[in-house]
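Please open the model in your viewer, with the sequence panel beside it, and keep a selection tool at hand. The tour moves from the whole chain to single side chains, one selection at a time.

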Amino acid sequence: MATKNTKIAVKGIEVTFVQTQQEDFICITDIAKFKNPEAPRDIIKNWMRSKNTIELLGLWEKLNNPDFKQVEFDLFKNEAGYNHFVLSPQKWISATNAIGLQSKSGRYGGTYAHSDIALEFASWVSVEFKFYLIKEFQRLKQEEHKGLEWNIKRQLTKINYRIHTDAIRQNLIPQNLSKQQVSFVYASEADVLNMALFGKTAAQWREANSDKEGNIRDYANVSQLVCLANLENLNAVLIEEGLPQAERLTRLNQIAIAQMKILLEDKSVGRIGG
């Protein structure tokens, strides 16, 4: 499963997140540095000596880990709180088969905890630090969510464009054309959609916006991208029906006008990218 390491700044401390498709783990070694930057592992061991901590870790594992070793957990729970009791993250993981804590080495080394557990640890270290950590964590998630929504919208356009170009290849391109001729037909069809929706070709847009990077579609809003996806599908159908390009452009322009009116009146569409 793919993972992503991300660092955020919390009260002058860089805290590392390990993100997968399903779960988020936070480096509690980084969090412990807020309390003792010289010996953060000692802070974690002190936290794990508490009976409350062992009960918290055990409860999380019972709810999320079917392979959790209950007998070993009970032994730790009975010993927790006594002066002689010492427990490291590595010992807890190996003895109970825990998954809520992870011990990593290398560049992003340290002890990591599932976000549920990490926030409890942060509260034990400093309530103030926990609040700032939550704030930064939420901000990070919001930025990722916006980026994901934009990627989904762009992928939707790309998928529909593939359907569109396949229809061109099958119905408009005669055999034995040169690559240059094929490219010319594709560009022409792409500009049919540009003209229908934006009122200008890609070249006209670039000439008028020489200071901008990308293309005309990169600057489209949510409503325009939705409409464009619909137009690409409709144009593929019209191509299949054998309609001349000029006739298709007229019909697509009429459809674009009607759809944009509806989309701009629907406030929920505008909120998709907000």
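Residues are numbered from 1 along each chain as its sequence is written, and side-chain values use heavy atoms, with hydrogens and water left out. Bear in mind that this is a predicted model, in which local features need pLDDT of at least 70 and side-chain atom pairs count only at pLDDT 80 or more, whereas totals for chains, interfaces and linings use all residues.

Switch to a cartoon view, and the chain shows 12 helices and five strands; helices (H or I, at least four residues) and strands (E, at least two) are DSSP runs, numbered from the N terminus. Among contacts in the chain with a separation of 6 or more, 59% are between residues 24 or more positions apart, a contact being heavy atoms within 4.5 Å.

Next, colour by pLDDT, which is the predictor's confidence in each residue, from 0 to 100. The mean for the chain is 81, and 77% of the residues reach 70 or more. Select residues 268–274, where the pLDDT is below 50, and note that this stretch has 11 contacts in the model beyond near neighbours in sequence.

**The second largest pocket**

Now select E23, F25, I99, Q102 and H114, which are the closest to the centre of the second largest pocket among the 11 residues that line it. The space in this pocket is about 180 Å³, a volume being the space filled by probe spheres set on grid points that are joined across faces, edges and corners. On a 1 Å grid over the protein atoms alone, a pocket is an open set of points where a 1.4 Å probe fits, with protein on both sides within 12 Å along at least five of seven lines, and lining residues have an atom within 4 Å of a point. Helix α3 (51–64) and strand β4 (101–104) are the elements that give two or more residues to this lining.

What is the make-up of the lining of the second largest pocket, in nonpolar, polar and charged residues? It divides into four nonpolar, five polar and two charged residues, where Ala, Val, Leu, Ile, Met, Phe, Trp, Tyr, Cys and Pro count as nonpolar, Asp, Glu, Lys and Arg as charged, and the others, Gly among them, as polar.

Stay with H114, which is in strand β5 (residues 110–114) and is buried at 6% relative accessibility. Not counting residues up to four places away in sequence, H114 touches E23, D24, F25, W60 and G100.

From there, move to W60 in helix α3, which is also a buried residue, at 10% relative accessibility. Leaving aside neighbours within four places in sequence, W60 is in contact with I99, G100, H114, D116 and I117. If you draw a distance between the C-alpha atoms of W60 and G100, you will find 7.3 Å for two residues that are 40 apart along the chain.

**Salt bridges**

A salt bridge is a side-chain nitrogen of Lys or Arg within 4 Å of a carboxyl oxygen of Asp or Glu, and by this rule the count comes to four. Select E128 and K11, whose closest N and O atoms are 3.1 Å apart. E128 lies in helix α7 (residues 127–171) and K11 in the loop between β1 (4–10) and β2 (13–19), so this pair ties together parts that are 117 residues apart in sequence. E128 is partly exposed at 40% relative accessibility, and K11 is partly exposed at 39%. While K11 is selected, check its backbone, where phi is near 50 degrees, a positive value in a residue other than glycine.

Go on to E232 and R217, whose side chains meet in a salt bridge at 3.1 Å, N to O. E232 belongs to helix α10 (residues 222–240) and R217 to the loop between α9 (202–208) and α10, so parts 15 residues apart in sequence are tied together. E232 is buried at 0% relative accessibility, and R217 is buried at 11%.

Finish at N194 in helix α8 (residues 179–198), which is buried at 3% relative accessibility and which touches, among residues beyond four places in sequence, G199, K200, T201, A202, I216 and R217.

Conventions: Buried < 20%, exposed > 50% of the residue type's maximum accessible area, 1.4 Å probe, protein only.
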